Amino acid sequence: TLNYIAQKDGKATLHIINLLGEEIYNRNIQVITGQNNIPVSISDIPHGIYFMSIRSDEGIATQRLVVE
């Protein structure tokens, strides 16, 4: 689950990118003002280190994701 705080309601896109810069996951999401708990299924993602980004009208929020 990804925790994300949005400043306003709107659409966003969730991206997971590997260390080679390749996008391996992409999903459109709807966010609401305040705390958002976004379920993310990583069962099909190989073990490794990734970057998870949410892109919206507010900008881009990125965090590191480690799949073990």
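Start by colouring the protein chain by pLDDT. This is a predicted model, with a mean pLDDT of 93 for the chain. Residues at 70 or more make up 100% of it.

Now compare the elements. Select strand β2, residues 10-18: its mean pLDDT of 96 is the highest among them. Then select strand β1, residues 2-6, where the mean is the lowest, 89.

Next, go inside. The largest nonpolar core has 17 residues. In soluble globular proteins, nonpolar side chains tend to be buried together.

Centre on Ile54. Leave out residues up to four places away in sequence, and Ile54 still touches Leu2, Tyr4, Ala12, Thr13, Leu14, Ile29, Ile38, Gly59, Ile60 and Ala61.

Move to Ser56, in strand β5. Is Ser56 buried or exposed? Its relative accessibility is 18%, under the 20% cut-off, so Ser56 counts as buried. Look around it: beyond its neighbours within four places in sequence, Ser56 contacts Tyr4, Lys11 and Ala12.

Stay on β5, residues 48-56, and select Ile49. With a relative accessible area of 35%, between the 20% and 50% cut-offs, Ile49 is therefore partly exposed.

Note on methods. Residues numbered from 1 in each chain as written. Predicted model: local features only at pLDDT ≥ 70, side-chain atom pairs only at ≥ 80, totals over all residues. Heavy atoms only, no water. pLDDT = per-residue confidence, 0-100. Helix = DSSP H or I, 4+ residues; strand = E, 2+ residues; numbered from the N terminus. Buried < 20%, exposed > 50% of the residue type's maximum accessible area, 1.4 Å probe, protein only. Contact = heavy atoms within 4.5 Å. Core = buried A, V, L, I, M, F, W, Y, C linked by side-chain atoms within 4.5 Å.
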